[in-house]
2 protein chains.
Amino acid sequence: MNATAAALLGLLDTSGDELTGGELARLAQTRIGDFWTVTRSQVYRELATLEQQGYIKAGATGPRDARPYRLTRSGRSTYKRWLVEELPAATVRVPLLLALAFGSVLPADKLRALVTASRDEHAQRLAGYRELEVELREADVDPYTRATLSFGMHYEEAVLRWFEALPADIAPRS
Amino acid sequence: MNATAAALLGLLDTSGDELTGGELARLAQTRIGDFWTVTRSQVYRELATLEQQGYIKAGATGPRDARPYRLTRSGRSTYKRWLVEELPAATVRVPLLLALAFGSVLPADKLRALVTASRDEHAQRLAGYRELEVELREADVDPYTRATLSFGMHYEEAVLRWFEALPADIAPRS
DNA sequence: GCTTGACAGTCCACTGTGGACGGTACACGA
DNA sequence: TCGTGTACCGTCCACAGTGGACTGTCAAGC
């Protein structure tokens, strides 16, 4: 069992329905895509091995070979156990910091351009989160979903503050 | 060219020396490990293809088959161009949020344990950064290195603030 | 009817992770 | 001085993750 497999089982569980690979891929993108990316290729690969292991079971294949999967009893207990017992650490990979780390050998104006572009992306993502938060305020979403959104907002705010604290010669413009 | 390859070339460049795979792996861990992980296996794989592409050149193999590599002219220009032109976006993967996203089907006490453990890890990492910052205050390090450390601190502080803002039933203890 | 586009799934090449493994140098104690 | 343990250099492998190319199929709209 790995994190992606557990995520798929969790999605199947909380959706309370049978889902095909395509549906799972879309659902993963919207529900956990901000902090756990899952590509389509991997969804199908994981589904194949999950079925072999007996954690999910396919129903009758429908149009376009669509196979709806449902969670089995062992699948449900397995992913829950995995979540509380084998949760790995977070990983953060920030190419911009790579460029910054070698900043002394790069032209300052190019560096500033990179910094500015990245800052704008983060600002935009934060704006998106803020909108989402307003929508969720009315809807009655469980506090766990709110917590994940809150993480995103804390993160983006921190990154934006960091951009503002950059030394003047590479600080973002405009 | 990919980010890891560029990072290795950058390390070779800024070290101003010939470095073996092992030395590069260690250097990568200390200089960029906090925001760009590079495993030993990958260092050797990348070095092999970088040499094939003519971006680095091996010197005489020393003791224990150690091969010191040096950057070539084309290697230097290639990684610099890559950094300013093909820098990919950041990726963040946070398994804890996965557990939180399925929090409604998990026992609250287990969830709280996960949250608490993660909070402690982040607190420890922030403490490490703060120590490092004090050390760097005296040493005269280039502002780019400071900027990467600053990112780490902003990030860890934000995560810790987020932990404190969690709803009471899953907020970290002690 | 036919085309066109969206969709379900397959496949592949490459990147990234972690650990097992074999060989070699070297330091240190018997 | 002679092992011998240990740390180190590099190789290799299996699996996880990414992104795009590709096939076949359905369905809507002309």
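A residue is near a molecule or strand if its C-beta atom, placed from the backbone, lies within 6 Å of that molecule or strand. This tour uses a predicted model, in which local features need pLDDT of at least 70, side-chain atom pairs count only at pLDDT 80 or more, and totals for chains, interfaces and linings use all residues. Residues are numbered from 1 along each chain as its sequence is written, while chains are lettered from A and ligands numbered from 1 in the order in which they are written.

**Stop 1: DNA strand D**

Select DNA strand D and the 22 residues that surround it. The closest are A:Thr4, A:Ser41, B:Gly21, B:Gly22 and B:Ser41. Now colour by element: α1 (3-15) and α3 (40-52) of chain A, with α2 (21-32) and α3 (40-52) of chain B, each give two or more residues to this surface. Helices (H or I, at least four residues) and strands (E, at least two) are DSSP runs, numbered from the N terminus. By class, the surface has five nonpolar, eleven polar and six charged residues. Here Ala, Val, Leu, Ile, Met, Phe, Trp, Tyr, Cys and Pro count as nonpolar, Asp, Glu, Lys and Arg as charged, and the others, Gly among them, as polar.

**Stop 2: DNA strand C**

Select DNA strand C next, with 21 residues around it. A:Gly21, A:Gly22, A:Ser41, B:Ser41 and B:Pro63 come nearest. Two or more residues come from each of α2 and α3 of chain A and α1 (3-15) and α3 of chain B. The most come from α3(A), which gives three residues. This surface divides into five nonpolar, eleven polar and five charged residues.

**Stop 3**

Hide everything but chain A, which has seven helices and three strands. Traced from the N terminus, the order is α-α-α-β-β-α-β-α-α-α. The radius of gyration, taken over C-alpha atoms, is 20 Å, well over the 16 Å that the globule rule gives for 174 residues, so chain A is more spread out than a compact globule. The globule rule is 2.2 Å times the number of residues to the power 0.38. Along its principal axes the C-alpha trace spans about 60 × 40 × 35 Å. Colour domain 1 (3-85) and domain 2 (95-164) separately; these bounds come from an automatic or database domain assignment. The C-alpha centres of the two domains lie 29 Å apart.

**Stop 4: where the chains meet**

Show chain B again. The contact takes 52 residues from chain A and 51 residues from chain B, where two residues are in contact if their C-beta atoms, placed from the backbone, lie within 7 Å. On the side of chain A that touches chain B, α7(A) gives the most, with 14 residues. That side holds 34 nonpolar, ten polar and eight charged residues.

Zoom in on β3(A) and strand β3 (residues 91-93) of chain B, which pair in the antiparallel sense over three bridges. Strands pair if DSSP finds at least two bridges between them. A:Thr91 stands opposite B:Arg93 in β3(B).

**Stop 5: the axis**

A rotation of 180° with 0.0 Å of shift along its axis superposes chain A on chain B (RMSD 0.0 Å). The two copies are thus related as by a two-fold rotation axis. To finish, select A:Val92, whose C-alpha is the nearest to the axis in chain A, 2.4 Å from it.

Definitions and conventions. Copies are superposed by least squares on the C-alpha atoms of residues with pLDDT of at least 70 in both.
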